[in-house]
Amino acid sequence: MPVELYNTLTKRREEFKPMAPGKVGIYSCGPTVYSHPHIGNFRSFLVADLLKRFFEFKGLKVTHIMNITDVGHLVDDADEGADKLEETARKEKKDPLEIARFYTESFMTASKLLNIKPADVYPKATEHIQEMIDMVKTLVDKGYAYVVGGNIYYDVTKFANYGRLSGNTLDDLNAGARIELNPEKKNPQDFALWKHDPKHLQQWDSPWGRGFPGWHIECSAMSSKYLGAQFDIHTGGEDNIFPHHECEIAQAEGASGKKFVHYWLHTRFLLFDGEKMSKSKGNLYTIQELIEKGFKKNAIRYALISSHYRQNYNFTFDGLKAAAQAIDKIQQCVFQLKDISKNKESGQVRKELQELSSNCLAQFDEALSDDLNISKALAVCFDFLREVNKVDDANSTEANALLDTIGKIDSVLGVLEKADEEVPAQIIEMAEKRKEAKANKDWKTADAMRDEITAKGWILEDTPGGGYRIKRGGQD
Ligand SMILES: [Zn+2]
């Protein structure tokens, strides 16, 4: 089934055709590591994860690169204000690299909690200064950029397609320019590729003297290094469209003379309780904060992926509770099937059950191929579970086949607990002892075993088939 995606560059849905058959290259703008990433940042990272998992579900080999910005991202996203990282470094009286290490760790921890598949490479800006200098040099040589003192600017009038991604024309931009014209710039919209600032805490030698790179050049240089001058998909939040991605295109295409990216995917903002998220409103929750509040990590994941990426998603605590209930429905079905798989005989898989699975997977594929229509995909999943719950007298082979289908769906959703596999041997031993005691009507021992399991942080539940399931207690 062909996949259709909405391409911000062409402003329409297009069939996705990878450059190399069976392979997809994706670059995602990663975090600027100057503070803990919040749920709004993670919505965009999760859309990239969903897309990647879906391509893998379809059998494509994905190469995913996500950068870590640890220098050059200024407060206004363009050429004004302090470097975000440096601001935190000064505030916390630490070295910028120490700040970067700390918040990169925080980002990685939260990504893991949300079951985001790791990127193949997480290139750091500070470790790719030479690649950026090389690209800036090429742009100067080709006449796209000019040097003023120790600063290098990109001359936007030299790049005919400037504004194509964001829909901003230079005339519009110039008319609405808020900032006073920097006397060094030939045009108000020219942007810095390399900056000279003796006060900046992070500096490197360059052919133009000591300085540091602009934020935009990082992504052009690093994506080209790991995915080539041309690649399939670039993702980011809607706030990245302008100026960041517009500038990335101008730089990369100016330097290589080739089309940079074929499909641009942008995730809309997250609202919190109907309001825009902001520091001043105090609603920039981090993943760790939500977990401390008692919400489950997989419910947070489910909530953040459960609405279409091109619509604003209104994040609420009630939404998180509903997400936990939805996951529980899938989980219950899995436990029942596992019970059958353990306790029933093997046999033939009935034709109607084979069809139930193949139809479900085909419809799930169709839904996500429709520009990642996640609501439709989730509806397919719950329709399937409803049918599975109606199945009478399944044998263990059938249960395994149905489990396999749920496993394929969850390879994309990534919300099911893996606690089953992680139960320590000691806990299983106690559960078995309890089962035996129950069979012998030794209720005292049975209760004692259950209490001990609970005390060790696990929850034991009896299942209708006469078995039990163990899951981790608390919010893990
Ligand atoms: Zn970027």
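**Ground rules.** I'm working with a predicted model, where local features need pLDDT of at least 70, side-chain atom pairs count only at pLDDT 80 or more, and totals for chains, interfaces and linings use all residues. Residues are numbered from 1 along each chain as its sequence is written, and side-chain values use heavy atoms, with hydrogens and water left out.

**Overall build.** I looked up the secondary structure and got 16 helices and 15 strands (DSSP runs numbered from the N terminus: H or I of at least four residues for helices, E of at least two for strands). Along the principal axes, the C-alpha atoms fill a box of roughly 90 × 50 × 40 Å.

**Burial.** The protein has 476 residues, and 51% of them count as buried (under 20% relative accessible area, with a 1.4 Å probe and protein chains only).

**Contacts.** I took contacts (heavy atoms within 4.5 Å) between residues at least 6 apart in sequence, and 76% of them join residues at least 24 apart.

**Zinc.** Which atoms coordinate the zinc ion? I found C29 (SG), C219 (SG) and H244 (NE2), at 2.1 Å. Donors here are N, O and S atoms within 2.8 Å of the metal (3.2 Å for Na, K and Ca); water is not among the atoms, so sites may look incomplete. Along the chain, the donors' spacing reads C-x189-C-x24-H. C219 sits in helix α6 (residues 215-227) and H244 in helix α7 (residues 241-256), 25 residues apart. I checked burial too: C219 is buried at 0% relative accessible area, and H244 counts as buried at 1%.

How values were computed:
Buried means under 20% relative accessible area, exposed over 50%, partly exposed in between (1.4 Å probe, protein chains only).
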